[in-house]
Amino acid sequence: MALTLAEKILQAHIVKEACPDTEFVPGIPIRRGADIAIRIDQTLTQDATGTMTYLQFETIGIPRVKTELSVSYVDHNTLQTDFRNMDDHRYLQSVAAKYGLYFSRAGNGICHQVHLERFGKPGKTLLGSDSHTPTGGGIGMIAIGAGGLDVAVAMGGGAFHLAMPKIYGVKLTGTLKKGVGAKDIILEVLRRETVKGGVGAIYEYFGEGAQALTVPQRATITNMGAELGATCSIFPSDETTKAFLEVMGRSEAWTEQKADEGAQYDKLIEIDLSALQPLAAQPHSPDAIASIASIAGKKVTQVCIGSCTNSSLDDLAAVAAIVKGKHIAPGVEAGIAPGSRTTLLMAEKAGILGELIRAGFRILESACGPCIGMGFAPNTEGVSLRTFNRNFKGRSGTADANVYLVSPETAAAAAITGVITDATTLQYEDPSYTTEGRISLLTGTLAGLSSQAITGIATDDGMLIPPLDEAEASKVEILRGPNIKPCPPAPAFEEKLKLPVLLKAADNVSTDDIMPAGTKVLPFRSNIPEISKFTFERIDADFYKKAEAGNFSGCIVVGGENYGQGSSREHAALGPMYLGVRVVLTKSFARIHQANLINYGILPITFANPDDYDMISEGDTLELTNIEEAVTTGADFDIVINGAKGTKTIKGKNSMAERSRNIIKAGGLAAYTRAGGQ
């Protein structure tokens, strides 16, 4: 039978012995929803999630990573206001040396862009402790974001388990017109699908329109596919991919990857790129989409271009073409964070960097920075146009800021006009908007550079520290600063629970709401007792005090739809676990967060009848009477509500696969793995 590209790569990586009860027949589509286990070829971590990942990896007791390649990146906590962040960096570097990983130093760039440039390989699997790991799909990989503990297990040679996703095909036709970017493509998908439309699905792009996009453009789309709730997104690996890898000095990494002729998709979405208009995600959600034409003229106080979504040479060239010979409008602060050191050096050689500086852009560090609230925060009630992937309330570092997600073209237009402006209405010359121009930009001819010159820049890996051999690695001493604390264990399994509801939350609670990022919180990522004090502070500033008043003895959190959307940060499970959260009962979960809850022994339960959500109030007591039966057999949970609206017994849906239930019974994934669980 004809298979999609995603099916072909997944089938090639199936670990049958990890799922002995599931039948896999080569060349036959895998049943949607079946528990599958795949071999992971590559892993990545970043410093905000990496410390916990490696603390957990150390406890597994394996002397060296077993993947084909693993990389530890420093790109999040680079604002060193005290000793904590640099202590984490030194720990990460020593762990990489000890266990056989590459180490990407602070200043080398954002993990997803660097990985695309230096390590990504078509047809391979990549698991990363960052929700935007699907960026790798732009080069033809199955690249999935996960919690740090899942990544630690994969580095130890363990399979990654997931329910076989649905495959949604996205057929792109036509070509983008001047002033419309790849960001507008994914914003259009979000407009149609919403932030929960992709849960349990992979988005596979194809068609003549897909062929016309460069690898950085494709990576923009697969990166922000995370905001759909998708498992990942993927493009074919074709001649354009080959050209990208050649100029990066990695031609040997290329293989052709494409769907079989006649492959069938669970759903088909068609987008005519020629008809696409500039779009924006309005505050405060990536799917609050409006056309730029409908909001044009709104005054802007800040523009920021960068993040793992839109910080490539393609993006910087598009901005430079619009601002060339002009200046940033009065009243606007504008900043650019190149995605990698390689991009920064290429932009300098091509003259792009000079154009940006002359226009008045502040050049920020090649790091995540403003995207996670690490500097360059907007003004009070400011309107900030950002080329980032998330605009949750407060994420920018300013609680009342209004953040719009836009393309680099739209951001550049606003920077020089001072208001939201449709870039298609501007008069400027930019040959890079043709397919031929984009490819020539990639190879350097557009900027007057030889492809050899760009390859020379791309292959300068001076900020990458390669793995030591095993003999040298055995001599390495792991460095631990005073802020680095052991990961607390998950709670032991209990057959019955009778606990208070300490928090009732609404729909679309993000992991930023559960555990914020930013300059105040991120330095405590390696110290769970301290970081737990910030748990749920954006929803209920007194949550920690309430948990403390109960001696952290146990509680329940109730939520609405799409609970746990956003980042893969497992601290959004670790913090609640440390404070005594034993059950999270919601209308629905985001994929990664649900997995993280299970990994730390917290029961994720959904309402069998969503209307029962209205029966529960904060302060009610919920009693789970059949946990042993539910976890053993997969039966639904019996829940007794005792509260302000009376007493009622309801059903809680049990969506956990057998392995997940076994993890809960073992007391979390770490305990399950140590006991020999697959």
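## The parallel sheet

Two strands count as paired if DSSP finds at least two bridges between them. Keep in mind that this is a predicted model. By that rule, 4 strands line up in the order β10-β9-β8-β11, forming an open sheet with parallel pairing. At the edges sit β10 (232-234) and β11 (267-272), and each of them pairs on one side only. Ignoring direction, neighbouring strands in this sheet are turned by 20 degrees against each other on average.

Take a look at strand β9, residues 201-206: β9 and β10 share 3 bridges in the parallel sense. Ile202 has Cys232 in β10 as its bridge partner. Helix α6 (residues 182-193) packs on the sheet, where it touches β8 (166-173), β9 and β11. The direction of α6 makes about 135 degrees with that of β11.

## Two nonpolar cores

The largest nonpolar core runs to 107 residues, and Ile38, Ile142, Phe543, Leu603 and Leu624 have the most contacts inside it. Helix α5 (residues 148-155) gives the most to this core, with 6 residues. There's also a second, separate core of 66 residues, which includes Cys111, Ala280, Ala413 and Leu464.

Back to Ile142: leaving aside residues up to four places away in sequence, its contacts include Ile202 and Cys232, the two bridge partners mentioned above. Also among the residues Ile142 touches are Ala6, Ile9, Leu10 and Ile234.

## Around Ser104

Ser104 belongs to strand β4 (residues 102-104). Its relative accessible area is 0%, so Ser104 counts as buried. Its side chain makes a polar contact with the side chain of Asn108, at 2.9 Å.

Beyond residues up to four places away in sequence, Ser104 touches Ser72, Tyr73, Val74, Met463 and Leu464. Leu464 is one of the residues in the second core.

Methods: Residues numbered from 1 in each chain as written. Predicted model: local features only at pLDDT ≥ 70, side-chain atom pairs only at ≥ 80, totals over all residues. Heavy atoms only, no water. Core = buried A, V, L, I, M, F, W, Y, C linked by side-chain atoms within 4.5 Å. Buried < 20%, exposed > 50% of the residue type's maximum accessible area, 1.4 Å probe, protein only. Contact = heavy atoms within 4.5 Å. Polar contact = N/O pair within 3.5 Å; in protein donor to acceptor, adjacent residues only side chain to side chain. Axes fitted to C-alpha atoms, helices over the stretch in contact; angles between N-to-C directions.
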